[in-house]
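I opened the notebook to look up where the ligands sit and what surrounds them. The entries below follow the order in which I checked things.

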Amino acid sequence: MPSRTLTGITPSGTLHVGNYFGAMRPAIAAQDHGECYYFIADYHSLTSVFDPVVRREHTLGIALDWLACGLDPAKSVFWRQSDVPEVCELTWLLGTLTPMGLLGRAHSYKDKTAKGIAPNFGLFAYPVLMAADILLYDTTVVPVGKDQKQHLEITRDIAIKFNQTYGETFVVPEPSIAEDVAVIPGLDGQKMSKSYDNTLPIFGAEKVMKKNIMSIVMDSRTREAPKEDAEQLSAVQLLKFFAPAEVYTDIVGQLKAGGYGYGDLKKALFEQYWMFFAEARERRAELADNLAHVHAVLADGAEKARAVASDVLARARLVCGLR
Ligand code: ADP
Ligand code: TRP
């Protein structure tokens, strides 16, 4: 079986560097090895975004972000989830074999309800829709950040149960989690996440990003003090992702020696971050001026995705005794 990589990002906010290193960069690198299927998970956004204008804005924004960061439509199939509604039918087939207990144990569901979000069917069933996203395309590998690991395990459990019940139908996928970028810290040191308001967007406005980086809270050590624990500082952990190895090593050396302060560190962090995405930023501006091209890419992707999806769904319907 040739490898087929698939991943999705929910259009529930602006993409940040945690999304980039955790999910997008590995997905983009995979384009040179086997088939790639990438989509914008707009059905998933229905569980948290209730404004249609905002949903459309985020969906278009994420399309621009992916293309600017290197998703190549000549190599990958790229589409909007809701353009392939077959996924909803598969969600139903899978849902009838999904134990309630499996969904009740999902961390993301427990975290969200613990935060006071009123549970609804969509939030509870979210991992089943995610399983359908993956199984509908005979996916072999799913690059995601560590927080999605449990959802992948649920997908595998559902696929195995379906295959046992109705005979071999689905490919059982493997997660791909790069350990070195498993959890990108946010500006406050916790996991970077849209939900924690601690993100560094990939394409933020220059002044705002500079201000956000300069406002990272540090400890009270003076510029002169040697900082032996330099590598543990979250600003340094972030710097490591953006800076060339020799720049990173030099800055860590200076922090340890003393005479290099947190203002210097934040200034360097901003510069490295800004340079890292410079080319992508230019490409994004060009794409934003040519939205017809972006819509054409998504329409073409939807057609290709739908061709695979309808075959796999037909296979699943047949084994269940539906015609
Ligand atoms: P958020 O937590 O900001 O809502 P999503 O849940 O939409 O992010 O995540 C989209 C993808 O980006 C997933 O594959 C997720 O694992 C990855 N990701 C999100 N935040 C991080 C992070 N801080 N470090 C590594 N990967 C991340
Ligand atoms: N649940 C994922 C997230 O919140 C997004 C997603 C939806 C996804 N369907 C997927 C990721 C299928 C990988 C494969 O980040």
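Predicted model: local features only at pLDDT ≥ 70, side-chain atom pairs only at ≥ 80, totals over all residues.

Entry 1. I looked up where ligand 2 sits, and the space it takes is the largest pocket. For a pocket, I used a 1 Å grid over the protein atoms alone and took an open set of points with protein on both sides within 12 Å along at least five of seven lines; a cavity is a set of points where a 1.4 Å probe fits but cannot get out, and lining residues have an atom within 4 Å of a point. I count a molecule as sitting in a cavity or pocket if more than half of its atoms lie within 2 Å of its grid points.

Residues are numbered from 1 along each chain as its sequence is written, chains are lettered from A and ligands numbered from 1 in the order in which they are written, and side-chain values use heavy atoms, with hydrogens and water left out.

Entry 2. Which residues come nearest to ligand 2? Of the 14 around it, I list Gly8, Tyr126, Met130, Asp133 and Gln148. A residue is near if one of its heavy atoms lies within 4 Å of the molecule or strand. By class, I found eight nonpolar, five polar and one charged residues in this shell. Here Ala, Val, Leu, Ile, Met, Phe, Trp, Tyr, Cys and Pro count as nonpolar, Asp, Glu, Lys and Arg as charged, and the others, Gly among them, as polar. The largest share of the shell, four residues, comes from α7. Helices (H or I, at least four residues) and strands (E, at least two) are DSSP runs, numbered from the N terminus.

Entry 3. I checked the polar contacts of ligand 2, meaning pairs of N or O atoms within 3.5 Å; within protein, one must be able to donate a hydrogen and the other to accept it, and residues adjacent in sequence count only if both atoms are side-chain atoms. Nitrogen atoms of ligand 2 lie 2.8 Å from a polar side-chain atom of Asp133, 2.9 Å from one of Tyr126 and 3.5 Å from an N or O atom in the side chain of His44. The protein covers 87% of the 370 Å² of accessible area that ligand 2 has on its own. Accessible areas come from the Shrake-Rupley method with a 1.4 Å probe, and for residues only the protein chains shown count as cover.

Entry 4. I turned to ligand 1, which is surrounded by 17 residues, the closest being His16, Gly145, Asp147, Ile184 and Lys194. One oxygen contact, at 2.4 Å, is with a side-chain N or O atom of Asp147, and another, at 3.1 Å, is with the side chain of Asn19. A nitrogen atom of ligand 1 lies 2.9 Å from a backbone N or O atom of Met192. Taken alone, ligand 1 exposes 540 Å², and the protein buries 91% of that.

Entry 5. How many residues line the largest pocket? I found 48, with Lys112, Asp147, Gln148, Lys191 and Ser193 nearest its centre. Its volume is about 1,400 Å³, where grid points are joined across faces, edges and corners, and a volume is the space filled by probe spheres set on the points. The lining divides into 19 nonpolar, 20 polar and nine charged residues.

Entry 6. The second largest pocket has a volume of about 420 Å³. α7 gives the most to its lining, with seven residues.
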